[in-house]
Amino acid sequence: MSNAQKLIALGIPLKKFSGTTKTICPKCSHTRKKKTDPCLSVDIDKGVYNCHNCEWKGGISDKPQKTYVRPTFNANHTNLPDRVVEWFKGRGIKQQTLLDWKIGYQEEWMPQTGAKCRVIAFNYFLDGVLINQKFRDGAKNFKMVKDAQLIFYGLDNLTNDSQPVVIVEGEMDALSVYQSGHTQVLSVPNGASKGAQLEYIDHAIDRLESVKTFIIWTDNDEAGVNLRTELIRRLGEERCLLVKSDLKDANEVLQKHGETEITRLIESAQPARLSGIIYTSDIADELNALYVNGMPKGDATGTELDRLITWENCRLTCVTGVPSHGKSEFLDFVLARLVCTQNWRVGYYSPENYPRALHVSKCLEKIVGKSFRGGNNYNRMNEMEKDNALQFMNDRYFFINPENEDFTIDSILVHAKKLVRRHGVRAIVIDPYNKLEHNLQRGEIETVYISRLLDKLTAFAQQNLCHVFLVAHPTKMKKKEDGTFEVPTLYDISGSAHFYNKTDNGISVYRDFDSGRVSIHVLKVKFKHIGNTGVQDFYYDVETGRYWVGGADKTSWIESPVQSALTANESFLTNTTTNDTDDDFPF
């Protein structure tokens, strides 16, 4: 027997034999005013069903589901004594509102007092049937009917899905909103207390599915904010507006300012913020700064390269070039300039630069302007210069080496994020791409994987306000007629054209060993305010590892911390009113 046949045997009328459907409920539809309302949801393939009216639910092999206690409605209890009507009147609620909502007054045992007393009864109806009741005594004690179903207060008010539905925290607030003319109003049954059951949302979610707009008005305390958050999450942030008021709730607004103020607050409700969405107003200050000052250029290195490209946060730059032509060497030079002149800090994942002491020594040469190694008549840095530069580097250079030997891009970026948060690193270098551990998903082709990886790098740069440099070797090496290699492009990198398409900047390093000239080809600059494409020629100084145009620069890019301290003391002694700061000091 098929699932459809088994469901039909339970008395569930079906017009299809697979998929999902809504139909009438054999348990309750014949007792309702709207006998043809399809209140039973059925998943035929799974063999499960759920009635959103009587809560009859289960599966074709399930045990019977929980049944609820149903209180009995006594219309005589809605004949309120004058003193009760006056009590409501003192809170701004008119008698007609009490009649519309069938407010009751009766005797009930209250667990807080351990005795019977006269209470107000808020009656919870669904399709005209009493589902639950909440009782309130004069001491503001509350209780609901034991084992009765939790539902929204006011569900029978929902008659027009195109009109907004207001959701509040309590019955008095619901009466206040209703009286102001917004008749489609619901109240949660159990307030916003921490740990409150939210099954009333589960019950109503299908009924509320076609509502276009919800206006949520909860208290501004922690519990109210938590309830608001959950309602937005369940109902959909794109459908929710939020009421903002300095007063506690709708009933307090009614008492102090009247119905027109409730209407004004509801009509001025603001959309809930959409997660992951930035509004124009959020960037108004930044936009005005651009209008006044124009688009800022990126940070400059202070070299001839600046005429082609400068460097800013949130970008991804891909560096390529013929093997042994100095891709890493030139990138180290650029970063050393940014560290020394713009106070950048840099994190390296560079397994090819090993041992790491050798890499550090080459960076020291660029910073000091002298050879670390000596020999060959090189002008070797002295020990004080070495130590000063090493101290300088210690606060600005960091090297990523995952202890668990997980060299995937995700692992590298986890460590990079630590550097951003702890040390304010501005640049992350991955050198080279082929030394990453590449984990392609099952069935994933390389070009799709590369696209995904580059997206991760770009997202990291943007989220952490830093610049990511990716060094990648070309594989499609083309030769000229004279046997030398052509200048590689980003399209020549192994695996995918995405190395061009998905990066912000692209650079190719090409060295002519006969002339000593190194040509830096800026192949791509996505944003024109930071540069443009073109070629800049340099010469490489073997002694210092620096690149120069008009003559080798042998000066130190940092000053001695001892000299800095002396200069600071002289300034203090000669001019006690100086406003100078230590911004110019490297330590």
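**View 1. The lining of the largest pocket has 31 residues, of which D127, L155, D156, L158 and R207 lie nearest its centre.** The model is predicted: local features need pLDDT of at least 70, side-chain atom pairs count only at pLDDT 80 or more, and totals for chains, interfaces and linings use all residues. Residues are numbered from 1 along each chain as its sequence is written, and side-chain values use heavy atoms, with hydrogens and water left out. The volume of this largest pocket is about 820 Å³. A pocket is an open set of points on a 1 Å grid over the protein atoms alone, where a 1.4 Å probe fits, with protein on both sides within 12 Å along at least five of seven lines; lining residues have an atom within 4 Å of a point. Volume is the space filled by probe spheres set on the points, which are joined across faces, edges and corners. Strand β6 (residues 115-126) gives the most to the lining of the largest pocket: three residues. By class, that lining holds ten nonpolar, nine polar and twelve charged residues. Here Ala, Val, Leu, Ile, Met, Phe, Trp, Tyr, Cys and Pro count as nonpolar, Asp, Glu, Lys and Arg as charged, and the others, Gly among them, as polar.

**View 2. The second largest pocket has a volume of about 520 Å³.** It is lined by 21 residues, and K140, G170, D173, K248 and D249 are the closest to its centre. β7 (129-136), α4 (171-179) and α7 each supply at least two lining residues. Helices (H or I, at least four residues) and strands (E, at least two) are DSSP runs, numbered from the N terminus. The lining of the second largest pocket divides into four nonpolar, six polar and eleven charged residues.

**View 3. Helices α7 (residues 250-257) and α8 (residues 259-267) pack at about 135 degrees, with their axes 7 Å apart.** That makes α7 oblique to α8. Axes are lines fitted to C-alpha atoms, for helices over the stretch in contact; angles run from 0 to 180 degrees between N-to-C directions. Under 35 degrees counts as roughly parallel, over 145 as roughly antiparallel, 65 to 115 as roughly perpendicular and the rest as oblique. From α7, A250, V253, L254 and H257 meet E259, T260, E261, I262 and L265 of α8. Contact means heavy atoms within 4.5 Å. This contact has five nonpolar, two polar and two charged residues.

**View 4. Five strands form an open sheet in the order β10-β9-β11-β12-β13, with mixed pairing.** β10 (185-187) and β13 (270-271) stand at the edges, each with a single partner strand, so one side of each has no neighbour in the sheet. Strands pair if DSSP finds at least two bridges between them. β9 (residues 165-168) and β10 pair in the parallel sense over three bridges. V168 stands opposite S187 in β10.
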